[in-house]
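Open the model in your viewer and keep the selection panel at hand. The stops below follow one another.

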Amino acid sequence: MAKLDRLYAHEILDSRATPTIEVVAILDSGDYGVSSVPSGSSTGSHEAHELRDNDPNRYLGRGVLNAVAHVNGDIAGVLVGKNIDSIAQVDQQLLTLDGTIDKSHFGANTLLGVSMAVTKALAAAAKVPLYRYVAHLATNTQPLFIPAPLFNMINGGKHGAGNLDFQEFIVIPNPHQPFTISLETGAVIYQNIKKILSRRGAIHSVGDEGGFAPNLFTNLDALEVLQEGIAESNRKPGIDVELGLDIAANSFLKDGRYVIKDRSSPMDTAEFIDYLRDLNNQYHLRLLEDALSEDDWRGWAALTAELGSVTTIAGDDLLVTNPEKVKKAIAEKACTAAVIKLNEAGTVTENIAVINQVRSAGWKIIISHRSGETNDTFIADFAVGVGADYAKFGAPARGERVAKYNRFLSIETELTQSPK
Ligand code: PGA
Ligand code: ZN
């Protein structure tokens with residue numbers, strides 16, 4: 001049985017020059033795990049608590065030295081020197097120690113850092129790749145495969161330059177092909193979009209998730225650019241690739257109405273659903289994420305009834321990887337897919353429990369990065385291990401995004417060479 005020999009943490013930077021926590025867990029066997037935690041900016045208001053120092057004299061209040069101190073102090077004090085039966089046992093101890101419903105004592109970031117680092121160490125001790133260890137934790141006995149990537153090519157909303165209301169304009173290569181082909185498709189379309197934006201004189205700096213943050217005026221302009229990028233890459237829409245959107249509707253809901261530049265007047269829920277239906281008729285969207293705001297539950301059920309059979313209706317801010325929200329959404333038939341963000345739930349065990357809950361409803365599972373990321377590739381292994389349908393790691397550009405896609409390439413090679 002494994003025993004934890006050392007557990008410690010320190011502050012590192014994420015991809016937005018904001019501090020985050022990195023945790024190191026070392027077993028008495030010498031096997032170890034190192035993991036770091038991402039952070040969102042278009043966060044759902046019901047996400048588990050992220051612990052920040054709020055000291056205005058350091059990193060604009062965004063430091064995580066308190067989180068570090070919790071790991072090195074209380075948490076190490078309880079876990080170090082003890083036998084570890086399983087990550088479920090460790091996660092339960094963490095939750096008991098924290099003692100709050102929203103994880104506000106230690107912070108979900110602190111708990112996730114410890115949980116992922118110990119999971120990696122246990123996988124190393126078990127002498128299996130992390131994705132296989134996760135499959136075992138998730139009791140996933142199906143053949144493993146690489147989830148289909150959702151490439152976020154154009155960044156708007158809170159991640160972009162300010163013009164576009166919708167947050168993510170996504171290209172989805174045909175899921176029934178090897179990941180190597182999907183990645184090439186994504187990379188070629190990405191390069192062609194860059195050329196198109198340059199020709200149009202729209203600045204092509206990149207946004208938080210590696211997609212371009214262009215100077216386009218309407219959401220429809222951005223969708224047109226994606227279509228042009230697909231055509232210039234000699235890929236067939238609807239066959240080789242499809243389109244998707246993370247609308248992140250919370251960010252443009254004003255006084256209960258949806259306000260976007262494509263329309264001169266604000267729309268109520270029913271009008272916005274009509275708009276989305278027309279948009280879907282025009283662009284044949286494969287994915288509509290957070291198409292309505294996080295509290296518009298009636299609207300979600302109406303949208304799913306209207307479009308759920310032709311497109312995937314994914315809840316992100318609506319569900320915040322929370323079992324109670326997922327339960328409500330299943331009962332109300334509010335979506336057909338869940339976006340899983342590990343730091344919204346807190347521990348590895350809780351994330352797996354939510355995934356099993358989502359799967360029991362027959363919904364699709366999307367494992368997602370955050371807009372503030374590190375080079376940790378835990379979620380790539382996690383996505384393969386739980387058998388996720390889709391993986392959302394941003395554009396095929398920027399190191400912290402590409403690290404995860406490159407990890408998929410390694411796993412694909414391993415799975416091809418030794419599928420068992
Ligand atoms: P976030 O954005 O990490 O800033 O929350 C990602 C998303 O909304 O999918
Ligand atoms: Zn989202």
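Which residues come nearest to ligand 1? Select the ligand and the 14 residues around it: Ser 41, Ser 42, Arg 370, Ser 371 and Lys 392 come nearest. A residue belongs to this shell if one of its heavy atoms lies within 4 Å of the ligand. This is a predicted model, in which local features need pLDDT of at least 70, side-chain atom pairs count only at pLDDT 80 or more, and totals for chains, interfaces and linings use all residues. Residues are numbered from 1 along each chain as its sequence is written, chains are lettered from A and ligands numbered from 1 in the order in which they are written, and side-chain values use heavy atoms, with hydrogens and water left out.

Next, colour the shell by residue class: it has no nonpolar, 6 polar and 8 charged residues. Here Asp, Glu, Lys and Arg count as charged, Ala, Val, Leu, Ile, Met, Phe, Trp, Tyr, Cys and Pro as nonpolar, and the others, Gly among them, as polar.

Now show the side chains of Asp 246 and Asp 316. A polar side-chain atom of Asp 246 is 3.1 Å from an oxygen atom of ligand 1, and for an N or O atom in the side chain of Asp 316 the distance to a ligand oxygen is 3.1 Å. These are polar contacts (N or O pairs within 3.5 Å).

Finally, colour by domain (bounds from an automatic or database assignment). Domain 1 (2–127) and domain 2 (148–417) both give residues to the shell, so ligand 1 lies between them.

How values were computed. Polar contact = N/O pair within 3.5 Å; in protein donor to acceptor, adjacent residues only side chain to side chain.
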